[in-house]
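This briefing is intended for a reader who is meeting the structure for the first time. Please look over the sequence and the model before turning to the points below.

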Amino acid sequence: MLSRFMSGSIRNLEREYSCTVRLLDDTEYTCTIQRDAKGQYLFDLICHHLNLLEKDYFGIRYVDPDKQRHWLEFSKSIAKQMKSQPPFTMCLRVKFYPPEPAALKEEITRYLVFLQIKRDLYHGRLLCKTSDAAMLAAFILQAEIGDYDPGKHPEGYSSKFQFFPKHSEKLERRIADIHKTELIGQTPETSERNFLQKAQMLETYGVDPHPCKDVSGNPAFLAFTPFGFVVLQGNKRVHFLKWNEVTKLKFEGKTFHVYANQKEDKKIILTYFAPTPEACKHLWKCGVENQAFYKLEKSSQVRTVSSSNLFFKGSRFRYSGRVAKEVMEQSAKIKREPPEIHRAGLVPSRSCPSITHGPRLSSVPRTRRRAVHISIMEGLESLRDSAHSTPVRSVSHGESFMPRSRSQATDASEGSAVISDEAYSPSDSVLPTPVAEHSMELAVSRQINGAPCSIEEEKESEAGTPSLGEGGDFGADGRSAREGAGGDSALSEVEQVNKFVLSVLRLLLVTIGLLFVLLLLLIILTESDLDIAFLRDIRQTPEFEQFHYEYFCPLRRWFACKLRWVGGLLINK
């Protein structure tokens, strides 16, 4: 507490702050901002530096001293949002993934989105089948080193690149074969566009996972995509709700609720627990912004959202910015010469290390490197993107996970959508908000929140074949799980009753407060000698005079009599 107070005092004494923003190509943009500068000013500086016009898809992210991620709010002061001491360090990232990235108007925008998706692929957020992984990696090779040249690219050259968290030699050979034979003659722009077209068809496109736990205490990852709300749990696709099905997002403390209406007016409520209240609030704000951006037709339809339906409790937040439809309409009006793009080329980057830096390391992700001319500054390590990777292995599951157009355009409804034979280990990356164990020991229930079984079990149930070992679930363990689920429901009912009682008490207090204010106003009207125009007008109305002589004066005499009687009793005693 003392350190934060002192840091705030130090900031107040400074007129200017140094601010460093790490860009998507791992270069850094450093500038000086005024103490009262807002987030929009810094964002406009960066977009001017990049010559970027389609900027609504991007945002500035920072990490506070508690390792909690935040998106910089453009309408607020930068200094008031940052909890650390200057110089401030942030990152430019894609905040709203374009539904069709390959159809973006300008090449510079497509290139920046390409860098973001390449980063997602490397950090395990974008998962896919081995065949898709090989094609995506080959597109990256073609975009960065051009056509295959036997003189420049010796045997095993693809192994010098690190495209994924882990991959096998067989996959490396497949990447090299595609690059050698299928992509000859493609320009960097064409390869990047093909990469985007391929990536947007994947189920985990646009996923920025938030670690949580379900009501059974099982780890889960919540994400908001251009197409809806997604929950990933282990190797399962637990839920996918389209944006037009989501009706409300709410949080209280660490608890996050999603209200949705599905087919045949079926209403569902999903509940998850974030590691900290700050993480839950960040999750809620991300959901509110994504829902407004992708669902609404106009920015004038955006409304202020409250995190709770209780009186005078919770946070209020409003998305400020244009929505997706308006962004696309504005992009269509852009008419200028395409800006020059300085691609990274062979400059080493985290997402794809250069082939000039020796053989590929082990399956553990490569240590992040900067460009040679960039100095290392304190605090940048906390912004590691691997800090919010998704340690899950995803499997394709057809139409229910993707919009219909995307599910028809790909044959990913069958087969395993993993990029390696090994399970992706969460220990390969440290989450900025590690998921803490729930304070109560909740029994594991497989059907809490409507969570389905694994993909294999779903296929077996569709075929009418019971899953192996299913009967064992109804033994002693199954009974204990059901008892635990019953205890959970009882606890939730008690919590709901408590919340209702608190809400009624708040309503009662508000009512009493309003009556007290009205009483004060009445006394001022009847007893004071204030000669104010609107008070004089009220006093002169016939209704007020009737009320004053027939009701207020007798009531005042009655109160005065009672007070004299009570005073006499006290004096006699």
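## Helix packing and overall features

In helix 5, the residues T130, A134, M135, A137, A138, L141, Q142 and I145 meet L171, R174, I175, I178 and H179 of helix 6. The model discussed here is a predicted one. The protein has 14 helices and 14 strands, and buried residues account for 47% of its 573 residues.

**Helix 5 and its partners**

- The axes of helix 5 and helix 6, the latter spanning residues 169-181, come within 8 Å and cross at roughly 55 degrees. Helix 5 is therefore oblique to helix 6.
- The crossing of helix 5 and helix 6 has a right-handed sense.
- Helix 4, which covers residues 107-122, also packs with helix 5, at an angle of about 135 degrees and with the axes 12 Å apart. Helix 4 is therefore oblique to helix 5.
- Where helix 4 passes helix 5, the crossing is left-handed.
- On the helix 4 side, F114, K118 and L121 take part, and they meet L136, I140, A143 and E144 of helix 5.
- Two packed helices are described by the angle between their axes together with the distance between those axes.

**The nonpolar core**

- The largest nonpolar core holds 107 residues, of which L42, F58, M90, F229 and F256 touch the most other members. Helix 5, residues 130-145, gives this core its largest share, with 11 residues.
- In soluble globular proteins, nonpolar side chains tend to be buried together.
- F229, one of the core residues named above, is in contact with L222, A223, F224, H239, F240, L241, V246, F256, V258 and L270, leaving aside neighbours within four places in sequence.
- Among contacts between residues at least 6 apart in sequence, 66% join residues that are at least 24 apart.

**I268 in strand 12**

- I268 belongs to strand 12, which runs over residues 266-273.
- Because its relative accessible area is 16%, under the 20% limit, I268 counts as buried.
- Not counting residues up to four places away in sequence, I268 touches L241, V258, Y259, A260 and Q262.
- From C-alpha to C-alpha, I268 and V246 are 9.6 Å apart in space, and they are 22 residues apart in sequence.
- L241 and V258 are contacts of I268, and both are also among the contacts of F229.

**S315 in a loop**

- S315 is found in the loop between strand 13 (305-306) and strand 14 (316-317).
- With a relative accessibility of 17%, S315 counts as buried.
- Setting aside neighbours within four places in sequence, the contacts of S315 are F251, K281, W284, V305, S306 and S307.

**Cysteines**

- The structure contains zero disulfides.
- C91 is buried, and its relative accessible area is 2%.
- C128 is likewise counted as buried, at 1% relative accessibility.

**Backbone features in loops**

- P86 and P87 are joined by a cis peptide bond, for which omega is about 5 degrees.
- P87 is located in the loop between helix 3 (78-81) and strand 5 (88-94).
- D26 is not a glycine, although its phi is positive, at about 75 degrees.
- The loop that holds D26 lies between strand 1 (16-22) and strand 2 (28-34), and D26 counts as buried at 4% relative accessibility.
- K67, again not a glycine, has a positive phi of about 70 degrees.
- K67 lies in the loop between strand 3 (58-63) and strand 4 (69-71).

Note on methods: Residues numbered from 1 in each chain as written. Predicted model: local features only at pLDDT ≥ 70, side-chain atom pairs only at ≥ 80, totals over all residues. Heavy atoms only, no water. Disulfide = S-S within 2.5 Å. Buried < 20%, exposed > 50% of the residue type's maximum accessible area, 1.4 Å probe, protein only. Core = buried A, V, L, I, M, F, W, Y, C linked by side-chain atoms within 4.5 Å. Helix = DSSP H or I, 4+ residues; strand = E, 2+ residues; numbered from the N terminus. Contact = heavy atoms within 4.5 Å. Axes fitted to C-alpha atoms, helices over the stretch in contact; angles between N-to-C directions. Parallel < 35°, antiparallel > 145°, perpendicular 65-115°, else oblique. Left-handed = near helix turned anticlockwise from the far one by under 90°.
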